[in-house]
Every structure is written in structure tokens, then in C-alpha cells.
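Please read it beside the sequence and the 3D structure.

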Amino acid sequence: MKLAAWNVNSLKVRLPQLLDFLATRSPDVVCLQETKLTDDCFPCAEIEAAGYQMVYSGQKTYNGVAILSRAPMSDVCIGIANFDDELKRVIGATIDGVRVVCVYCPNGQSVGSDKYIYKLKWFDALAAWLKDEIARYPKLAVLGDFNVAPEDRDVHDPAAWVGSVLVSDEERARFQALLDLGLHDSFRLFDQPEKTYSWWDYRMLGFQRNQGLRIDHILLTAPLAQACTSSIVDRPMRKLERPSDHAPVVAEIDTTR
DNA sequence: ATGGCGCCACATTGGCGA
């Protein structure tokens, strides 16, 4: 099972690139973030024509998540249980016995801001909910834009970023709390090229200079981590014309194990 | 020097993302 997560930064704009991704990479499951579409505007026909079923939860202008899958999805859930959040950031579904949770974690804007406080609370609610979900579904994957660079090696210039949003100790502690639930960062299960990132600023030739951050992740419970055969950042997608500022992240699970 | 780029909407400028 090939699983992908991609912050498309507007599905309306990025639909051609998504269809390219589906056709050339042939993922089984794709978790999308920042679709920025209300549900009545979701491009169902084009995605169905590409051979995928889909579930989605969106809103105007900001946020919005979706899961695309070749196989049927069941037990679809929207949002974090017991956490009141009007922003559309979470959708989950069961696919071939794997519980897939797609997340668009808050950005946090700047350390100490109201949005930062909300980000920390949001992560606490996510962890509390995932603890129950993992107990219910031992084979669980959490994929998406976490808006946290877990370690300094996930940051192009750690000295320039020290203490700022996306890398602050409090944010990294929230990410670690997810790992402490028994989740594994699939990317770190394998040897990886140095300076591998998943997001690059549109400004300042960020991509050309590889000034990026690794903030998009695929986290796996132990049964899936043991069956994981690869986990990469699909960097070439960031080179396309009119790219998202994020590249997709992709992990493969050997479901016969 | 806190800018830049790209996307969105009560648009032709401002808010936001990261």
C-alpha cells in the first residue's frame, strides 16, 4: 500500500498537478491538506475518472482536508473527537484494514500569538484523541502537514530558525508526544539524503536554494512501521510549473507482512 | 532591512500561510 500526504495549497489551482501525481506515482491513498474548497466545489468527477474514491471536509479560503483512495473507505470521521474546532483540519477513514488519519495541523503564526496558543491546544487534543484511536485501530497511520520540524536536521538553517514558530521547543514537545503514543516517523526508519525538506518558501528562491523545512510527515504505529519498506519526499513535484510550496511525502507498506 | 511569493476574497489591497 503506497500512502501519500500532500499540502496542495488550493486544490482548485493544483488539480492538474494532483492528477499528474496520481497518474505517475500511482499511490493507493492520498491525504490532501489545504484544499481551500467548500464540499460542493470538490472536483469529484476528475478524481473519480483517475480511479479514486474520495472523502473530504472543506471550507472557503483556508484549511480543508481530503482522502483519496483506490479501495473503498469505511468509518469516515471528521474532526477531532471531543474537541470543538470550526476549522476543517482532520479526516479519517479505514482502508483495507488500515486506519488512515489525515491532518492539517495549525501553523501557529508566531510564538506566543493567539494562533500559537491554539496550535498547542490543538496538538494536545489530537494526542488525546489519537491515544484512543490507536487502542481501537492497532494499524494506524497519521499523515499530513504537521507544521513542526521535529529536529534541527529538518531545518535548512537551524541558527536562523531557533525558537521560532514551527521549530520551538513547545511545538517539538507536542510532536514528540505523538511519537510517545507509539507512532514512528516513517521518514527516519530509513537512511535519507541530508537536507531533505518537504516545504520551501515561495519567496527568496527558497526551493532553488533548498532553504526548506521538513514539516510534512507520515507517522505509523508499530505494526505498520515494521511493514514499511520506504518513506521519501517526492521533491520533483515541487519543480513543476505552478507548484504547491509543499512536496508530497510518500511511504510504502508491505501489507502481506 | 521582517521585505520577498502565491492564494483567496465583501478584491484591485490586505490577511494569511510557514
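The buried residues of helix α3 are covered by elements that include β7, β8 and α5 (169–179), where helices (H or I, at least four residues) and strands (E, at least two) are DSSP runs numbered from the N terminus. The buried residues in α3 are K119, W122, F123, L126 and L130; a residue counts as buried if 20 or more other C-beta atoms lie within 10 Å of its own, as exposed if 12 or fewer do, and as partly exposed in between, with C-beta atoms placed from the backbone. Helix α3 runs over residues 114–136, and its 23 residues reach 33 Å from first to last C-alpha, close to the 33 Å expected at 1.5 Å a residue, the expected span being 1.5 Å times one less than the number of residues. An α-helix has 3.6 residues a turn, so residues three or four places apart point the same way.

This is a predicted model, in which local features need pLDDT of at least 70 and side-chain atom pairs count only at pLDDT 80 or more, while totals for chains, interfaces and linings use all residues. Residues are numbered from 1 along each chain as its sequence is written, and chains are lettered from A and ligands numbered from 1 in the order in which they are written.

**The nonpolar core**

The largest nonpolar core has 68 residues, and V100, C102 and A141 touch the most other members; such a core is a set of buried Ala, Val, Leu, Ile, Met, Phe, Trp, Tyr and Cys residues joined through C-beta atoms within 7 Å. Strand β7 (residues 98–104) gives the largest share of this core, with 6 residues. In soluble globular proteins, nonpolar side chains tend to be buried together.

Leaving out residues up to four places away in sequence, V100 touches V29, C31, I67, G92, A93, I95, A141 and L143, a contact being a pair of residues whose C-beta atoms, placed from the backbone, lie within 7 Å. A141 has its place in strand β8 and is buried because 28 other C-beta atoms lie within 10 Å. Beyond its neighbours within four places in sequence, A141 is in contact with residues including L3, V98, V100, V101 and L224.

V142 also belongs to strand β8 (residues 140–145), and with 26 other C-beta atoms within 10 Å it is buried. The contacts of V142, not counting residues up to four places away in sequence, are V101, V103, L130, L183 and L219, and among them is L130, one of the buried residues of α3.

**Two tyrosines around β3**

Y56 lies in strand β3 and counts as buried, with 25 C-beta neighbours inside 10 Å. Its contacts, leaving aside neighbours within four places in sequence, are T35, D39, F42, A66 and I91. Y52, in turn, is found in the loop between α2 (44–49) and β3, and is buried with 20 other C-beta atoms within 10 Å. Y52 touches L22, I47, L68, S69 and R70, again not counting residues up to four places away in sequence.

The C-alpha separations of selected residue pairs are set out here.

| Pair | Apart in sequence | C-alpha to C-alpha distance |
|---|---|---|
| Y52 and L68 | 16 residues | 5.9 Å |
| Y56 and N9 | 47 residues | 15 Å |
| V142 and V65 | 77 residues | 13 Å |
| A141 and L213 | 72 residues | 21 Å |

**Positive phi values in loops**

N63 has a phi near 60°, a positive value in a residue other than glycine. This residue is found in the loop between β3 (53–57) and β4 (65–69), and N63 counts as buried because 20 C-beta neighbours lie inside 10 Å. R242 has a phi near 50°, likewise a positive value in a residue other than glycine; R242 lies in the loop between β13 (228–233) and β14 (249–253) and, with 8 C-beta neighbours inside 10 Å, counts as exposed.

**The chain as a whole and the DNA**

Chain A has 6 helices and 14 strands, and of its 257 residues 42% count as buried. Among contacts in chain A between residues at least 6 apart in sequence, 68% join residues at least 24 apart.

Around DNA strand B there are 22 residues, of which S10, T61, N107, Y202 and R203 come nearest; a residue is near a strand if its C-beta atom, placed from the backbone, lies within 6 Å of it. By class, the surface near DNA strand B has 7 nonpolar, 7 polar and 8 charged residues, where Ala, Val, Leu, Ile, Met, Phe, Trp, Tyr, Cys and Pro count as nonpolar, Asp, Glu, Lys and Arg as charged, and the others, Gly among them, as polar.

Technical notes:
Contact = placed C-beta atoms within 7 Å.
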